[in-house]
Amino acid sequence: GYRQKFIITMSEDLINMINADDDGDWVAEIKKSMRDDYGKDAEISEAYNGEDRIITASFVANKKNAKYAPKKMGKGITVPLLDYNEDEYNADAVEGLNTVSSTYTVIIDKSIAPSIQSIKLRRKSGDTVSLKATSNKTAYAISFPTAWAYAQDPVVEIILTTP
C-alpha cells in the first residue's frame, strides 16, 4: 500500500471561535472524522506551535481503505481526498475557515510521482482548480485552504499530470 499523510493546520483563534459557537471540541471532531475515514490503524497526532493546531493523519492505503490509494491512469495520478458528507456542511464553519489561517496539506512521496507537470484539485461538481506544489528531495507538499474541503462544492481529489 501507499503511506499517506494528511496535515490540517488551523488557527487557535478559529478553533476557539468554533468551539464557543458550537459548545464543542472541534479538534476532537476532526480527529474522530479522520479515524472514521482512514481506519483504526491510522496514526493521528496533534501538535501546537504557539499559534496553530496541527492535526496529522498518517495511514497506509491498502485493501481495507483502498479508496484513498493513488490511482495511475496514463500520464495522470489521482489522489482521493475526503469522503464528503453533504449533511456535514456548515456555512458558519466554512466562513470561519475562510477568514483565518487554515490550510490542508497533502504530502506525496516522489516514488509515486518523480516529476509533476501540473496539479489540479477536482471539486465534487467536476470543476478543477490549478495549484503549485513545494518540494524537497523526497516529497511534494500540496496545500490549499481547508475551507475548500468543507464547502458545498468541496475538493475531492488531487490530479497530478506527469511528463
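**View 1. A patch of negative charge on the surface of the predicted model.** Asp21, Asp22, Asp23, Asp25 and Glu29 gather here in a patch of negative charge on the surface. The model is a predicted one. Asp23 sits in the loop between α1 (12–22) and α2 (26–38). Asp23 is exposed, because its relative accessible area is 75% and the cut-off for exposed is over 50%.

**View 2. The whole chain, for orientation.** The chain holds three helices and 11 strands. Read from the N terminus, the order of elements is β-α-α-β-β-β-β-α-β-β-β-β-β-β. The chain has 163 residues, and 42% of them count as buried. Its accessible surface is about 8,900 Å². Carbon and sulfur atoms supply 48% of that surface. Among contacts with a separation of 6 or more, 71% join residues 24 or more positions apart.

**View 3. Trp26 in helix α2.** Trp26 belongs to helix α2. Is Trp26 buried or exposed? Trp26 is buried, as its relative accessible area is 12% and the limit for buried is under 20%. Ile15 lies 11 residues away from Trp26 in sequence. In space, the two C-alpha atoms are 6.6 Å apart.

**View 4. The Lys32–Asp36 salt bridge.** The chain has six salt bridges in total. In one of them, the side chains of Lys32 and Asp36 meet, with an N to O distance of 2.8 Å. Why are Lys32 and Asp36 separated by about one helical turn? They are four residues apart in helix α2, which means a separation of about one helical turn. Lys32 is exposed, with a relative accessible area of 53%. Asp36 is exposed too, with a relative accessible area of 53%.

**View 5. The Lys40–Asp41 salt bridge.** Asp41 forms a salt bridge with Lys40. The closest N and O atoms are 3.9 Å apart. This pair counts as a salt bridge because 3.9 Å falls within the 4 Å cut-off. Asp41 is exposed at a relative accessible area of 51%. Lys40 counts as exposed at 71% relative accessibility.

**View 6. A salt-bridge network around Glu46 and Arg53.** Which residues are linked in a network of salt bridges? They are Glu12, Lys31, Glu46 and Arg53. Within this group, the side chains of Arg53 and Glu46 meet at 2.7 Å, N to O. Glu46 counts as partly exposed, with 36% relative accessibility.

**View 7. Ile55 and its contacts.** Ile55 is a residue of strand β3. Its relative accessible area is 0%, so Ile55 is buried. Thr9 stands 46 residues from Ile55 along the chain, yet their C-alpha atoms are separated by 6.4 Å.

View 8. Ser58 is placed in strand β3 (residues 52–61). Ser58 counts as buried, since its relative accessibility is 7%. Which residues is Ser58 in contact with, leaving aside its neighbours within four places in sequence? The partners are Arg3, Gln4, Lys5, Ala42 and Glu43.

**View 9. Lys137 in a loop between strands.** Lys137 lies in the loop between β9 (134–135) and β10 (139–145). Lys137 is exposed, because its relative accessible area is 81%. Asp109 is 28 residues from Lys137 in sequence. From C-alpha to C-alpha, the two are 9.4 Å apart in space.

**View 10. Thr162, after strand β11.** Where does Thr162 lie? Thr162 is in the segment after β11 (155–161). Thr162 is buried, as its relative accessible area is 14%. Not counting residues up to four places away in sequence, Thr162 touches Lys75, Ile77, Ala113, Ser115 and Gln117.

How values were computed:
Residues are numbered from 1 along each chain as its sequence is written. This is a predicted model: local features need pLDDT of at least 70, side-chain atom pairs count only at pLDDT 80 or more; totals for chains, interfaces and linings use all residues. Side-chain values use heavy atoms; hydrogens and water are left out. Helices (H or I, at least four residues) and strands (E, at least two) are DSSP runs, numbered from the N terminus. Buried means under 20% relative accessible area, exposed over 50%, partly exposed in between (1.4 Å probe, protein chains only). Contact means heavy atoms within 4.5 Å. Patches are made of residues with over 30% relative accessible area and no salt bridge: like charges are joined within 9 Å, nonpolar side chains (Val, Leu, Ile, Met, Phe, Trp, Tyr) within 5 Å. Accessible areas come from the Shrake-Rupley method with a 1.4 Å probe; for residues, only the protein chains shown count as cover. Lys and Arg count as positive and Asp and Glu as negative; His and the chain ends are not counted. The place of a charge is taken as NZ of Lys, CZ of Arg, CG of Asp or CD of Glu.
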